[in-house]
Structures are given as structure tokens and as C-alpha cells.
Amino acid sequence: MRSVMKDERAWAVLLLALAAFVPVVAPMLDSPATVALATRIAIYAIAASSLNLLLGGGGLVSFGHAAYYGLGGYVVGILYAHYVSGEAFLGVIPGSNDLLVTLPLAILVGGLGALVIGALSLRTSGVQFIMITLAFAQMLFFLFVSLKAYGGDDGLAIRRVAPVFGLNLRDPATLYWISLGLLAAWLFLMDRVSRSRFGRVLAGIRQGERRMAAIGVRTYPYKLVAFVIAGMGAAMAGALMVNQARFVSPDMMHWTKSGELMVMVILGGLGTLVGPALGAAALVTLEYTLSGLTEHWQFILGPILVLVVLFARGGLMGAVRRIAGMRGRAPDALPAGELPAGRVQPGDRAAPDLPLREGAAPHG
Amino acid sequence: MTPGVALLLEQLLNGVQLGVTLFLLAAGLTLVFGIMGVINLAHGSLYMVGAYAAAVTATATGSPWLALLAGLAAAALVGMVVEFAVLRRLYARDHLDQVLATFGLILFFNEGTVLLFGRQPLFVNVPEGLRGAVRVLPGVDYPVYRLLIIAVGLGVALGLYLLIQKTRIGMLVRAGATHREMVRALGVDIRLLYTLVFGLGALLAGLAGLMAGPILSVQVGMGESILILTFVVVVIGGIGSVRGALFGAVLVGIVDTLLRAYVPGLLRQVMAGSEADALGAGLASMGVYLLMALVLLAKPRGLFPAHA
Amino acid sequence: MAEAPVLSVARLVKRFGGLVATDDLSLEVMPGELHALIGPNGAGKTTAIGQIMGEITPDAGAIRFLGEDITALSTPARVRRGLSRTFQITQLLEDDTAEGNVALAVQARAGHGFRFWRNAARDARLREPARAALAQVGLAEARWEVPVADLSHGERKQLELAVALATGPRLLLLDEPMAGLGASESLRMTEVLRALKGRIPMLLVEHDMDAVFSLADRISVLVYGHCVASGSPHQIRQDPQVRAAYLSEEEGV
């Protein structure tokens, strides 16, 4: 049983299964806002998990992830505007209010945006990379602020969305289940990717670019592909969020949104599978609770963030791991989650415990 | 002189004035990064603190000198407290932790400012003796106050140059920017050096904020919009290089100002006025980021990379 | 000599500010040869390796590998042509297991990094060559699945070599593989290198003179970035210039 507790995939399946009952339980608790809140959590979880592929997977600190989230949102918004007006976008692409059209297009556009921005940004590294990804996201923000045809500062409203497979998206529970299903699919993809050959290279890049060069790996294309995948995930989340909020505005790509996504990843547990989803749940709930208490909730949230960074390393998943694995070998001795495969299997536990850190020898 | 040329000259001076303001911020940011390896998003908050402290003092006392003093003191003080309470614990951490903790600080400072002063912008008058304009060239009048900002900015640039090139602290700063480990190994009191550098950076940010007060409106969020522009400056100039910060700042200041001045006008020739203005403003805002992309394509480490 | 050299470095120069780290350095490694590069600390041995690998750009000079001028190539491109190095200060992926580190090098050699679905840790095409390399360097099998962060210094040095071997090198550059090892560990490493000798040409930078003189076919002596002598171990022992410039300093240590 303990090995099951330690396998993050088991946690993910369990949590997703429990989450599926939210629309059933919510009416009993007489809190109609709960389903909407849970939908936002599921959507943010996708966005945070996509960012985690960069932050936790490749050690790439992108501070402009909201750009792709917003791009995804605007694809839905702009296509809807053209659907209503009847004019084709750029005279070529007809508008649409069908999620089966808008969602794939949003993912495509998000990926393309990430391809262009990533291709430029990844020429740098370290702190320059942070600043550049932030600056490019702000650039897109300003672009959409200035596009009066699409509402500029005020954004666009989305009113009548076509049913998907006969399901009405205006029904909160339906939209929630769709979002949760996409979250499950996304997490499954992330799990596979992180264990694949590509994921190994990405983890290698995080741990030592110099080592990767010395074994003959040109890191740039791997980083760029990760950037594009992450951009596509964020765009998918953005498209869903616009369907949920029935509204898109430049605020979706404001730099504070990028910051919030980063906070979710760290709060939940960098480099873990379930962590970003837990972080999304924690931050959305925290914001909801604090904003219910005071208008100036950011005054409280800010110091909480500082304290989390300073003192709660490993985030929520780190805490879960410490509790679940209390009697075993400290799993948190492995930073950034991802237990090397082979060590998670129960059979391996039979091996005698080898002393940790016997090599206090000098490094050269 | 034709009106067109006069306008261009005036816009160029505006660009230089924005440039030196950016330089005051960028110098601190780039030094703090170069020496301590810390990326401090809350640097823009110090700019805001300087602006608010000066604005409130000026309104209460009417004395520009007291306002100057209050702005500088508040920014430096808040900067030192932030360094002592938070940033000091982040020197050994990775950039991600630094970004997040200082992001938290921004939320705290912005909302704290709302609590203290509300969301309404404060308006500050230009000090009595500095109102009016002087004739800088035949047919070109330019506000005295803005000229003063340019002079102060260039003075600070000269002062920093002398400080870094000619003094012992400057030597450590230079050494620290290129050989951080070595300076540490030589037993220099690195903590004191850090606090001093951080205090200086905070002071300059505060100076930029208090001088900008009478030109822009003093409001919550003013720190972040300029901070991101400062990032562009630092990336273009080369991280850790004060010379690069000056060059990048003036370049960004001029490019940004000229685009804002001329792009809407050009667009108005092809589309409706209000739409042209909005799109023009947007495109002008994007211009400096495109400039940054171009610089990076040519030189990924910026124009004056400090770490060879 | 009729045979063409595997590696030939010609008139390499590298300056760091006023310091000349590599001063008109020329050297060759012949097929099957173990060529040792020795010299006092700061002689520029690691800098020379860095330039051969393309991690440091030389100011002047040319590097030819297997008949091709590689001076302008990136590090990964050189590795794919068969150059491989070990690091004096080990550069390993700390979160990964020993086997995982080597398997990644196997994967890099195969060039199939853009696979997103199958679990790489269970892939026998990666595991088996990785395990072979680990066995080759003599790392105890019980340690293969241990995270690198938990390995001893000696084990890390062995792992460095295993990773380098897994890239399929046609020339190995070894930067102080014995540094920090105990006497018995050094002997074991010497034996591992002796077993590789003849199969893979090697350029060995090392301070352990017992190892150098027992392994090397040829020794070059570097002082202030310049090669002051080159010859068989016997010739180097006799060389008065070497004794003056190098051995006198090192004997006291």
C-alpha cells in the first residue's frame, strides 16, 4: 500500500476520480458557486501543469506563460466575434462558436506563438530568459489592448456557444466535466512525456546543460519543443477559461497572470505530476477565501507567497511526500519530484538500504 | 527652424529624459544582479515608494527639498529592509525562487499603497522655480524641469562611472560582477557590500520615482510598467554592465518616445482617428520589444556583456 | 609516421585578459595511443581540453580530428564525431541514477531524443549498453540504481568515465580521472584505463605520476600553456628541461 501512496500516478487518478463528483456533491452543500470554482481550478491546473513542463521539467524559468493562455482565449473570442458579425477573419477564416473548432485552433495558435517567442527567447538563458519571456508577453498584452476591433482594453464577450456532441456548455456541470476530462488527458500526456526519451533529455537539461553538451546533445531544439508543448497546453486552458467566463480581455495575458501560474506550480510542487493541480486548487481557493474577507486580499497573499518560497520548499507535494513516505527512505532526498523509474517498484524495496551520502568527499 | 524639426528635437529630448529615468532604475537592477545574482522584481516598488513619499511630503509641506529628502530616504530605507528581511535569504536560491518571492513583495507593496493612499492617482506640481521653459535652440522651447531630470540622470551616470572605476568599492563591484566567487573567497565583507549596493540601487530607483512624479501621475502599478521596460533596457545593454544600462536606457527611451509620437500620426493617414490612435499606441508599445528581439538575434548577451 | 593522427592540435593560443592560458600549443594523438598531458597547476591543461571539446573558443590555431578541421564546430557536433571527455569536477545529473546518467548518453548517441511516449527507463536498447559501460568501469552492480547524489566521490569518477564511454568515443579526453581518489581507487582506475588502452586513443591529463608513467605511450609537458617537452616516459624522465621546470616543483608535494 505504501508504494501505491508513493506513486504520484495513483494520487492523480484518485484525486481526479474524487473531483468528478463535485457537481453531484455541490448542490447538497447548497453552494452553487462551487462548480464554477472547481471548473476554474481544473482549467488553471492545465495551465499550471503546462508551465511545469518548462519550470520543473527543463528548468526553464518562463515568466510569460500567460501570453499563450491569453492567445488561446483570444482565438475563441475573435472567432466568436466573427461568427456573430458573419465576416470572415482576415477575409479567409470564417468565425465559429463551436468548441470542437475553436479549441484545436486555439491550441494551434498557442503553439505557433510559443514557437516564435521561444525561438527568440531560447537564444538566451538564466535571468535574460526570464526578462525576455516577460517582455514578449507584455508585448502581446499591449497588442491586444490596442486592438479596438476586438474590444481593446474592455475585451470581448462570448454569449452563445454551440453545443458539443449535444451537450450544452452553458450548463456549469457539463463544462466542468469537459474541463476535468481535458485535465486528466493533459496530465496523462505529461506523465508519459516526462518518462519518455524526450523527458529524460529535458530533465538532463535542467540538471546540467554542460553535461548534455558533453554527451553530444544540442539542447536548443529540445527546449524549443518543450516550449511549444507548454504553449499549446496553456492555450487550451485559455480557450476553456473563455468558455467558462464567457469573456476574454487582455488581462488574461497580463504579467501578473504569468506570475500567478508560476505561484501555482511552486505552491503545489515543482516538477511533480499532481503538484501544479494542487497548487491551482490552493491558489484559487485562497484568492476566493481572502477576497471574501477583504478587498485588499493581495496585501495578505503577497507575504504568504514570500513565506512559502522561503520556508515551504517542495510545496504541497513535498509535504504529501513527507507524510506518505515517512517511514521509508526520505523521498524528498530527490529534489524536483520524479522518482527515477525502477525505484518506485515494490520489488526494489527488498534491496538493503544503502547509506545515504556516504560520499562527502571533495568534489575535485 | 521648421515646426517639424522642432517637434522632432523636442521628442528626442523627451526620449533622453525617459532614457535617463530608465537608466536610474536599470543601473540598480543590473548592479544588484551582477553582484548578488538576484533578480529583484520589487525594484519597481522602490520607484513607486520614492514617488509616493515625495508626493505626499510635497503636498503636506510644500517644500520640494523635503520631498526630495523624503523620497530618497523612504526608497533607501524600504530597500534596505527588503534586502535584510527577504532578499538576503534568496542569494543562494535559484532565479525561480527569487522571482516568486519578489512577485509576492510587489503584491504586498501595491496593495499596501492602495490601503494607505487609495486607488486615485496623486498629482504633483513641478516645484516653483522649475516651471516654465527655456529656449534650447532657436524656435525650440523645452521645460526646465525635464532638462533638470536629464542633467541629474547624466550626473548620476558620471558619478557611478567614477565610483565604479576609481574607488575601492567600485573595484569590488567590478570584481564582484565578473568573479563573484573570487571576491567571496578573498574575505571581503560581502554582506556589507551587498547591503551598500542594494541601498544605492534603491536610492536611485527612489530618485527616478520622485523625479517622475510631476511628469506622470503617481499611482499604484507605476512601478511595474516601468520595471518591464527596465528589463528590456538591461537585456539590450547586457546584464551586469552599467555602461550597457546607460546606452540601452537612452536607446529604449528615444525609440519608445519617437514611436509614440509618430506612429499614430502615420496610421491616421490610412485609418480612422480613434482606431489609429489606439493601434498606434499599441504598436509603439511593442516597438521596444521588437528592438530587443533584434538586438538578441545579433547579440544574445546584449550590447555590452559584462560576463565575458 | 605513416599513420595519420586521430587528433592534431596546431598552434593553439588562448588568452584570458593578460593571462596566456594556451601559448602556441601543438600536439597530436596517434591511433591507439595513450598520450599523457602533464604540467604544474595552472599550466593550462584543462583549458586545452576545453578548447579541443569546443567549450572554450581559442584565439588562434586549428584543431583537426580524424582528418577533419573541427575548430569551428560546437561541442555536441564534436561529440557526435567521436570526441568525448570526462570532467575533473564531475558533471553528472544529480537526481538521476547512475544507470540513468549513462543511458542518457546512450540515447544521445543513438540520436533518438524526440520520442514522447514510451517509457525510456524500461527501454532495453538504452539500458543494456548503459549497463555494459557501467560494468566496464567497474562500478559495483548494486550501485547502478542509486541516485548520483548518493554516490561516493570514487564512484562518481567511475561514472564520469562510463558516461564518456557510452557516447561511443573515438578519442577520450580524460581530465584528472584520479583526482581525489584514494590509493586503492587510483589503482583500480589505472587498471580500467589500461584495459581500454589500445582500443580507444586517449589524451590523459593527470597529476598521479605513478599512473601517468605506467600508462602513457607518450608524455607532453605543459608549462604556462606551452609544450616544453614531448616524448616517451623514458625520455621525459631524462629531460633536463622537464626536471627543472616541473619535477622539481612537484616532487616536494
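**Close-up views of a predicted three-chain model**

View 1. Strands (E, at least two residues) and helices (H or I, at least four) are DSSP runs, numbered from the N terminus. This is a predicted model, in which local features need pLDDT of at least 70 and side-chain atom pairs count only at pLDDT 80 or more, while totals for chains, interfaces and linings use all residues. Residues are numbered from 1 along each chain as its sequence is written, and chains are lettered from A and ligands numbered from 1 in the order in which they are written. S8(C) pairs in the parallel sense with strand S3 (residues 34-38) of chain C over four bridges; two strands pair if DSSP finds at least two bridges between them. Across that pairing, Leu204(C) has Ala36(C) opposite. Strand S7 (residues 171-175) of chain C also runs parallel to S8(C), joined by four bridges, and Leu172(C) has Met202(C) as its bridge partner.

**View 2. The open antiparallel sheet of chain C.** Four strands of chain C form an open sheet in the order S2-S1-S4-S5, with antiparallel pairing. Strand S2 (19-29) and strand S5 (68-69) of chain C are the edge strands, each pairing on one side only. Five bridges link strand S1 (residues 7-16) and strand S4 (residues 60-65) of chain C in the antiparallel sense, and Ser8(C) stands opposite Arg64(C) of S4(C). Helix H1 (residues 45-53) of chain C packs on the sheet and touches S1, S2 and S4 of chain C. The direction of H1 makes about 65 degrees with that of S2(C); axes are lines fitted to C-alpha atoms, for helices over the stretch in contact, and angles run from 0 to 180 degrees between N-to-C directions.

**View 3. The two domains of chain C.** Chain C is divided into domain 1 (1-82 + 172-253) and domain 2 (91-168), with bounds from an automatic or database domain assignment. Their C-alpha centres lie 26 Å apart. The contact takes 11 residues from domain 1 of chain C and nine residues from domain 2 of chain C; residues are in contact if their C-beta atoms, placed from the backbone, lie within 7 Å. Helix H6 (residues 183-196) of chain C gives the largest share of the domain 1 side, four residues.

**View 4. The largest nonpolar core.** This core has 300 residues, and those with the most contacts inside it include Ala135(A), Val232(B) and Ala162(C). A nonpolar core is a set of buried Ala, Val, Leu, Ile, Met, Phe, Trp, Tyr and Cys residues joined through C-beta atoms within 7 Å. Helix H11 (residues 219-245) of chain A supplies its largest share, 16 residues. Both domain 1 and domain 2 of chain C give residues to this core, so it lies between them. Not counting residues up to four places away in sequence, Ala162(C) touches residues including Val102(C), Ala133(C) and Leu139(C).

Note on methods
Contact = placed C-beta atoms within 7 Å. Buried ≥ 20, exposed ≤ 12 C-beta atoms within 10 Å, placed from the backbone.
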